[in-house]
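Please read them with the structure open.

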Amino acid sequence: MANTFHLQIVTPDGLLFDGNAQRILVRTTEGDVGILSGHSDYVSPVATGMTRVTMDDGEVKTAACSGGFISVKKGITRLVANTFEWAEDIDVERAKRAQTRAEEKLKEASDYAERAAEIKLKRAITRIRVGEGTK
């Protein structure tokens, strides 16, 4: 069995995962970051993007993740995300409707509304990519 570390994934809705993993790859504001067993203490803000978790049995699960932070402290990795959805839980058709609405709002938006619509659009596109299993 590969080396594992303790991983917790938390959202405002509660604890989504609490167990061992071999690896997590998450999009931060500075780019993609991979965490393996033995990683040094670390903290970074999380951006909207795809997250991949290699479970302790080697299964790779993907998720759509947006906002929050990831930290490693004393061997425990915590991903505290604004939103986090495993691929199998994503309603792709709903995400496509959200994408269409966000694109329409972008066409007629003020600066503030445009930024909000861009965030919603990016989240919808990420959810579609993760839900459809594309990169």
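1. Beyond its neighbours within four places in sequence, Ile24 is in contact with Phe5, Leu7, Val33, Gly34, Ile35, Thr51, Arg52, Val53, Ile70, Thr77 and Leu79. The model is a predicted one. Ile24 belongs to strand S2, and its relative accessible area is 0%. Ile24 counts as buried because that value falls under the 20% cut-off.

2. Gly34, one of the contacts of Ile24, sits 10 residues away from Ile24 along the chain, with 5.6 Å between the two C-alpha atoms.

3. Ile24 is also part of the largest nonpolar core, which has 20 residues. Together with Leu7, Ile9, Val53, Leu79, Phe84 and Trp86, Ile24 touches the most other members. At least two residues of this core come from each of strands S1 (5-11), S2 (14-28), S3 (31-36), S5 (49-55), S6 (60-73) and S7 (76-86).

4. Phe84 touches Ile9, Thr11, Leu16, Thr51, Ala63, Ala64, Cys65 and Leu79, when residues up to four places away in sequence are not counted.

5. Strand S4 covers residues 42-45. Apart from neighbours within four places in sequence, the contacts of Ser44 are Thr28, Gly68, Phe69 and Ile70. Ile70 is also in contact with Ile24.

How values were computed
Residues numbered from 1 in each chain as written. Predicted model: local features only at pLDDT ≥ 70, side-chain atom pairs only at ≥ 80, totals over all residues. Heavy atoms only, no water. Helix = DSSP H or I, 4+ residues; strand = E, 2+ residues; numbered from the N terminus. Contact = heavy atoms within 4.5 Å. Core = buried A, V, L, I, M, F, W, Y, C linked by side-chain atoms within 4.5 Å. Buried < 20%, exposed > 50% of the residue type's maximum accessible area, 1.4 Å probe, protein only.
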